[in-house]
Amino acid sequence: MMRTASRRFARGCVCCPPEAPATGARRNFLAGGLATLGMAAAATPTRVFAQAAGGAGQGGPAAGPGPAPAVAPPPKTVIDVHHHIAPPAYNQELIARGQNEPPLFRWSVQKSLDDMDKAGVATAITSITTPGVWFGDAGAARRLARKCNDFAATLVRDHPGRFGMFASLPLPDVDGSLAEIAYAFDTLKADGVGVMTSFGDKWLGDPAFEPVMEELNRRKAIVYTHPTLADCCKGILPLVQRAVVEFQTDTSRAIGSVLFTGTAARFSDIKFIWSHGGGTMPFLYTRYIRMPDLNPNVRPNVPNGVDYELKKFYYDVAQVAHPAALASLVHVAPTSRILFGTDFPYRSSADHVQGVTAFFTDEAKRRGVLRDNALALIPRLKST
């Protein structure tokens with residue numbers, strides 16, 4: 001009774017619909033995809049099914065049904081750049097503010113490692129998810145960002161090779177963010193920073209954030225972005241969970257802000273990662289391309305052209321590892337700019353490996369998305 005209630009409570013999470021249960025066929029399909037990659041030396045799905053049924057190599061039907069053989073976990077080679085953690089201080093803040101996030105409240109380091117191991121994820125670059133550390137008080141945001149970053153750094157230290165970190169910044173507090181950038185990179189050796197797509201009524205290309213972008217550009221930093229619910233759009237569709245429409249739309253707004261304010265062109269050494277395949281932007285691609293024609297005032301802000309900047313960005317596949325979304329994304333961005341991500345603990349690594357394996361039939365491109373593109377972006381992972 002308690003377990004049933006708990007599952008129903010989890011389904012109420014605002015981030016995702018419930019997942020289908022993992023079946024034996026799904027696990028075998030995953031194993032087969034990984035075998036195609038050369039990442040699994042174990043049996044192919046056909047052989048696994050034959051063994052499970054007591055097939056030719058096992059004495060045929062006369063041998064009778066027996067227990068299905070264990071499928072060895074795949075070798076750990078995949079790199080996940082969109083993997084959420086829930087530091088105790090962060091959960092405490094959410095609870096104090098009455099926010100209901102069951103997947104975060106149930107998160108543990110071991111659950112992360114178990115999910116990674118099932119799908120062959122070698123390393124997960126961690127971040128906190130929406131709403132981030134800003135709740136209106138600069139001092140509180142600075143303290144919470146520091147606690148979250150110290151917690152993430154502890155995971156990196158205690159589990160060598162398994163975790164990296166995108167450090168949280170207390171934006172829109174510019175001075176606090178500059179101090180945290182220095183601490184994150186110089187002391188904690190962070191792989192990059194993680195920021196929300198908007199803060200109140202300001203998106204990432206807002207002039208108020210110019211000093212932060214300037215410093216991140218000086219450091220040639222990776223800036224991982226995660227969508228949040230903008231002030232403009234709270235409660236406008238009460239029946240529609242915010243993650244269904246608003247999160248993807250806010251990513252698209254942030255891309256437009258960074259592009260058309262000239263932030264991307266001026267700070268060209270920043271490596272932006274847009275979550276969830278860039279939100280709705282790939283579907284709206286030609287509208288972005290035509291923006292300088294619609295508003296000539298933005299033309300000087302994209303001196304290299306809109307397409308140049310869109311192809312320079314990075315995009316992760318969290319929540320979009322399916323043909324409908326990926327078919328659009330690959331016509332916007334080169335495959336070398338597409339990174340593997342899962343949105344754990346809201347979705348599983350296995351689902352996303354399966355989706356990427358099924359869509360990218362070219363082995364080199366598939367391997368790039370699952371691993372090699374992240375290695376090129378974060379070279380230190382080559383030694384893990």
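Which hand does the crossing of α16 and α17 have? In this predicted model, the crossing of these two helices is right-handed. Two packed helices are described by the angle between their axes and the distance between the axes. For helix α16 (residues 349-359) and helix α17 (residues 363-377), the angle comes out at about 155°, and the axes lie 9 Å apart. With angles over 145 degrees counted as roughly antiparallel, α16 and α17 are therefore roughly antiparallel to each other. As for the side chains that do the meeting, α16 brings Val-353, Val-356 and Thr-357, while α17 brings Arg-366, Val-369 and Leu-370. Sorted by class, this contact of α16 with α17 holds four nonpolar residues, one polar and one charged.

Helix α8 (residues 174-186) packs on helix α9 (residues 210-218) at an angle of about 15°, and their axes are 9 Å apart. An angle like that makes α8 roughly parallel to α9. The way α8 passes α9 is, again in terms of hand, a right-handed crossing. On the α8 side the residues involved are Val-174, Ser-177, Leu-178, Ile-181 and Phe-185, and they meet Pro-211, Val-212, Glu-215 and Leu-216 of α9. The contact of α8 with α9 divides into seven nonpolar residues, one polar and one charged. An α-helix has 3.6 residues a turn, so residues three or four places apart point the same way.

Stepping back to the whole chain, the secondary structure amounts to 17 helices and 10 strands. Of the 384 residues in the chain, 51% are buried. Among contacts in the chain with a separation of 6 or more, 76% come from residues 24 or more positions apart.

Next comes the interior. In soluble globular proteins, nonpolar side chains tend to be buried together. Here the largest nonpolar core has 83 residues, and Leu-216, Leu-259, Trp-274, Leu-310 and Phe-313 are the ones with the most contacts inside it. Helix α7 (residues 138-158) gives the most to this core, putting in seven residues. There is also a second, separate core of 14 residues, with Val-81, Tyr-224, Leu-375 and Leu-381 among them. Phe-313 has its own list of neighbours: leaving aside residues up to four places away in sequence, it touches Ile-255, Val-258, Leu-259, Ala-264, Phe-272, Trp-274 and Arg-337.

Gln-92 and Phe-105 are 13 residues apart in sequence, and their C-alpha atoms are 9.2 Å apart in space. After α4 comes Gly-98, which has a positive phi near 75°.

Most residues other than glycine have a negative phi, and most peptide bonds are trans. The peptide bond from Thr-130 to Pro-131 is cis, with omega near 15°, and Pro-131 lies in the loop between β2 (121-127) and α7. The bond from Leu-171 to Pro-172 is cis as well, with omega near 15°, and Pro-172 is in the loop between β3 (163-168) and α8. As for phi, Lys-220 is not a glycine, yet its value is positive, near 50°. Lys-220 belongs to the loop between α9 and β7 (222-226), and at 48% relative accessibility it counts as partly exposed. Gln-319, also not a glycine, has a positive phi of about 70° and is placed in the loop between β9 (314-316) and α15 (323-329).

Methods
Residues numbered from 1 in each chain as written. Predicted model: local features only at pLDDT ≥ 70, side-chain atom pairs only at ≥ 80, totals over all residues. Heavy atoms only, no water. Axes fitted to C-alpha atoms, helices over the stretch in contact; angles between N-to-C directions. Helix = DSSP H or I, 4+ residues; strand = E, 2+ residues; numbered from the N terminus. Parallel < 35°, antiparallel > 145°, perpendicular 65-115°, else oblique. Left-handed = near helix turned anticlockwise from the far one by under 90°. Contact = heavy atoms within 4.5 Å. Nonpolar A, V, L, I, M, F, W, Y, C, P; charged D, E, K, R; others polar. Core = buried A, V, L, I, M, F, W, Y, C linked by side-chain atoms within 4.5 Å. Buried < 20%, exposed > 50% of the residue type's maximum accessible area, 1.4 Å probe, protein only.
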